[in-house]
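Student: Could we go through this protein together, one question at a time? I would like each answer to show how it is reached.

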Amino acid sequence: MLTSRFFRRLFIPYLLLICAATGAVGGYAAMRMTTAYLDNTRESLNNEATLVGQMLQPDLAGHAEQLQGRVQQLGQSLSCRITIVDSEGVVLADSEADPAHMENHRGRPEIALALAAGKGDSIRHSDTLGVDLLYLARTLTAADGKTYVVRLSVHLSNLDRQLHLLYAALAGVTLLAIGVAAAFGFYFASRHTAPVRELADFAGALARGEMNRRLLSGGTGEIGVLTHSLNTMADSLSTLLNDSEKDRAELLAILTSMSDGVIATDTHQRVVLVNQKAAELLAFSHDGAAGRALWELVPNEPILRTAGEVLERGERRTFQVSLIVGRYLEVSACTFPAEGPAAGLVLVAHDTTRSVRYQELRKEFVANVSHELRTPLTVIKGFTETLMEGALTDPVVGPKFLMTIQKHVDQLTNLVNDLLELSRLEGLPDLPRPVRVDLAAVARRATELLQPAAQKKSQGIALDIMGSTPRVLGNPDYLERAVTNLIDNAIKYTPEGGQVEVSVGQENGHVTVDVADNGLGIPPDDLPRIFERFYRVDRSRSREMGGTGLGLSIVKHVAQVHGGSIDVSSTPGSGSRFRLKIPVPTDA
């Protein structure tokens, strides 16, 4: 494209100059030839008019019809129109028209000039014949002393035909000259633009990233020097781009592998670099993020305000951002480079959600433990003080108070045991002492163990083992504890006369243990939190039944340490169903 424009700029002006010069010369020649042709025609008509005057001089005083015949005869012989007019402008004879029907010619330009100066000519339209004619008139003095005008005229159509032939010949010569000049101009323009075309192609190749392309020898002179300079520049540019690509690849690898989100912007807060983690943490699409304004990607007021302040003041800032798509973030903002005027801004976002939630869980755990310990300890202290004040010797109140103290001591013992068990499960790096365990046998032992508790509430407890199930790899004590907790939980929250059903089966590479009841059920809002520590749907009732609020949490951790899961489904008023799933080993 560049070379074609350069060629056009070099060739077309010279071509236009040649055309203009040739056209000007041709036009001037045509004008001169036309003028010469008309002058020759006028000279010829003047000579013929003199001759006609001499020949018609004897007939001027004669009969009009005789003069008309004589004029027609001469007009045919000379191939021109002859008109005889007297000094008053009356037409006496005409070789191509009837003089009786012709108007007075006194006002015709050529007649007026002839009467005034002896000779006159003009080119105009003939009203009599309706065509353009060249007129030439001369005065003639007859034998009787009167003055007459002899006018000769020729049709311009003949003149136009001659001029057209002349113009055609001249145009042919002009076009030939233009063609020859254009051919020579094209040759020399192409020869001079060829090196430029090669340089332009080379520059285009470099722009397309073809860094291995080089120019051949450019000869001598300025083109040769430019060729050498461009080759040197290409070598340097290739080295620079390779280093840049290497640095960029290393930078992208580092950014991609980072667990923190990174956004770099220019001074106008337009994104120049961003990693995928930043898009995840700040909830925007990574594709097409580069080049967009920071406020378009992160419409967060604290981040945008702090970014503006850091760019303005050039100081590093670290601040907390709460709940962006459910996450807590710690964001650091600083300018780059570290010294001198700021060229841009770097934002680093670190996900502190887990840390914040651990802090919240720890606070909640301490509060729950404190609450769970305070209630039985308060009761024990109160009843102990009452006994010390004399109730111990009371045969009725004393044993009753001691039984209450024993009940709350057992509750504290269960709570401490459950806390120790839960702490032990959370601290396990791997499953301790894994062996092949028959979950059907585990469910059978747990059912038999809790049968008396169900009978106290007049509940039915049924066990259904659906076919032969493979053994799983696990800890039998932990698995029995998990199944026992599920059955015990069902018995506690099922009213008297209810039914608890335990079934063992196999599904999608897992052995499943289902524990279903027709008890109170669990409200939908409580289902997501049912496996949290100390979470109870009905706290007062749970304490009355001796629950610690850790049973289901222990079941969840037992399932997780075995690589399985625990699910729950429930309809309030219709009961609940818990499903424990433990994976079957691949070599089972």
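Student: What percentage of the 588 residues in the protein is buried?

Tutor: The model is predicted, so local features need pLDDT of at least 70 and side-chain atom pairs count only at pLDDT 80 or more, while totals for chains, interfaces and linings use all residues. Residues are numbered from 1 along each chain as its sequence is written, and side-chain values use heavy atoms, with hydrogens and water left out. A residue is buried under 20% relative accessible area, exposed over 50%, and partly exposed in between, with a 1.4 Å probe and protein chains only. By that rule, the buried share of the 588 residues is 38%.

Student: How many helices and strands does the protein have?

Tutor: Both are DSSP runs numbered from the N terminus, where helices (H or I) need at least four residues and strands (E) at least two. Counted in this way, the protein has 14 helices and 17 strands.

Student: At what angle do the axes of H11 and H12 cross?

Tutor: Two packed helices are described by the angle between their axes and the distance between the axes. Axes are lines fitted to C-alpha atoms, for helices over the stretch in contact, and angles run from 0 to 180 degrees between N-to-C directions. For H11 and H12 (residues 476–492), the axes come within 9 Å, and the crossing angle is roughly 35°.

Student: Which residues of H12 make the contact with H11?

Tutor: Contact means heavy atoms within 4.5 Å. On the H11 side, the residues include Leu439, Val442, Leu449 and Ala454. Their partners in H12 are Leu479, Glu480, Val483, Thr484, Ile487, Asp488 and Ile491.

Student: How do the residues of the contact of H11 with H12 divide into nonpolar, polar and charged?

Tutor: Ala, Val, Leu, Ile, Met, Phe, Trp, Tyr, Cys and Pro count as nonpolar, Asp, Glu, Lys and Arg as charged, and the others, Gly among them, as polar. Sorted like this, the contact of H11 with H12 holds 12 nonpolar, 2 polar and 3 charged residues.

Student: How far apart in space are Arg481 and Val558, C-alpha to C-alpha?

Tutor: Arg481 belongs to helix H12, and H12 packs against helix H14 (residues 551–561) at an angle of about 145°. Among the residues that meet there are Arg481 in H12 and Val558 in H14. Although 77 residues separate Arg481 and Val558 in sequence, their C-alpha distance is 8.6 Å.

Student: Is Gln459 buried or exposed?

Tutor: Gln459 sits in the loop between helix H11 (439–456) and strand S12 (460–465). Beyond its neighbours within four places in sequence, Gln459 is in contact with Ala454, Ile491, Thr494, Pro495, Gly497, Gly498 and Val500. Its side chain also reaches the backbone oxygen of Thr494 at 2.5 Å. With a relative accessibility of 5%, Gln459 is buried.

Student: Where does Asn508 lie?

Tutor: Asn508 is a residue other than glycine, yet its phi is positive, near 50°. Asn508 is also exposed, because its relative accessible area is 69%. Its place is the loop between strand S14 (499–507) and strand S15 (510–517).

Student: How many disulfides does a search of the whole structure find?

Tutor: A disulfide is a covalent bond between the sulfur atoms of two cysteines, and the search looks for a pair of cysteine sulfur atoms within 2.5 Å. Among the cysteines, Cys80 is buried at 5% relative accessibility, whereas Cys334 is partly exposed at 23%. The number of disulfides found is 0.

Note on methods. A polar contact is a pair of N or O atoms within 3.5 Å; within protein, one must be able to donate a hydrogen and the other to accept it, and residues adjacent in sequence count only if both atoms are side-chain atoms.
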